[in-house]
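I opened the model to look up a few local features. My notes follow in the order in which I took them.

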Amino acid sequence: MQVYEKVRTYIVDNGYKQVAVAKKAGIPKATFNAIMNGKRTLYADDLCAICIALNISPEMFIEVKGHCKTS
């Protein structure tokens, strides 16, 4: 499942209105709708704003597999 799909599912399952989340996140509703329908890329800044609006951590939607290695 893509990140935007996880976000959309969370919004629906918790009874939020997309327009209310978009407004609180400061994302135009047309842009938010395009993100939630997979027609526009969900950028990290967008995800951050959405998570702040929902008062949750982005880690709810992102899976980190393994450990990040540095050289």
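**Entry 1: Asn55 and the end of the chain.** I looked up Asn55 and found it in the segment after α4. Helices here are DSSP runs of H or I with at least four residues, numbered from the N terminus. I noted a positive phi of about 60° for Asn55, although Asn55 is not a glycine. Asn55 counts as exposed because its relative accessibility is 71%; exposed means over 50% relative accessible area, buried under 20%, and partly exposed in between, with a 1.4 Å probe and protein chains only.

For the record, this is a predicted model, where local features need pLDDT of at least 70, side-chain atom pairs count only at pLDDT 80 or more, and totals for chains, interfaces and linings use all residues. Residues are numbered from 1 along each chain as its sequence is written, and side-chain values use heavy atoms, with hydrogens and water left out.

I also checked Glu63, which is found in the segment after α4 (44-54). Glu63 counts as exposed, at 58% relative accessibility. Its C-alpha atom is separated by 13 Å from that of Glu5, 58 residues apart along the chain.

**Entry 2: aromatic pairs.** How many aromatic pairs does the structure hold? I found 2. Rings of Phe, Tyr and Trp (its six-membered ring) pair if their centres lie within 6.5 Å; planes under 30 degrees apart count as stacked, over 60 as edge-to-face and the rest as tilted. The rings of Tyr10 and Tyr16 are stacked, because their centres are 6.4 Å apart and their planes are at 20°. Tyr10 and Phe61 form an edge-to-face pair, with 5.8 Å centre to centre and 85° between the planes. Tyr10 lies in helix α1 (residues 3-13) and Phe61 in the segment after α4, so this pair ties together parts that are 51 residues apart in sequence. Tyr10, Tyr16 and Phe61 form one aromatic cluster.

I then read off the relative accessible areas. Phe61 is buried at 2%, Tyr10 is buried at 17%, and Tyr16 is partly exposed at 37%.

**Entry 3: the sides of α1.** Which residues of α1 are buried? I listed Tyr4, Lys6, Val7, Tyr10 and Ile11. They cover an arc of only 160° around the axis, which puts them on the same side of α1; the arc is that of the directions from the helix axis to the C-beta atoms. On the other side of α1, Val12 and Asp13 are exposed. The buried residues of α1 pack against α2, α3 and α4, contact meaning heavy atoms within 4.5 Å. Just after α1, I noted a positive phi of about 75° at Gly15.

**Entry 4: α1 against α3.** The axes of α1 and helix α3 (residues 29-36) come within 9 Å and cross at roughly 110°. Axes are lines fitted to C-alpha atoms, for helices over the stretch in contact, and angles run from 0 to 180 degrees between N-to-C directions. Tyr4, Val7, Arg8 and Ile11 in α1 meet Phe32, Ile35 and Met36 in α3.

**Entry 5: α3 itself.** Phe32, Ile35 and Met36 are buried in α3. Seen down the axis of α3, its buried residues fall within an arc of 95°, so they line one face of the helix. Their cover includes α1, α2 (18-25) and α4. Just after α3, Gly38 takes a positive phi of about 75°.

Methods: Helix = DSSP H or I, 4+ residues; strand = E, 2+ residues; numbered from the N terminus.
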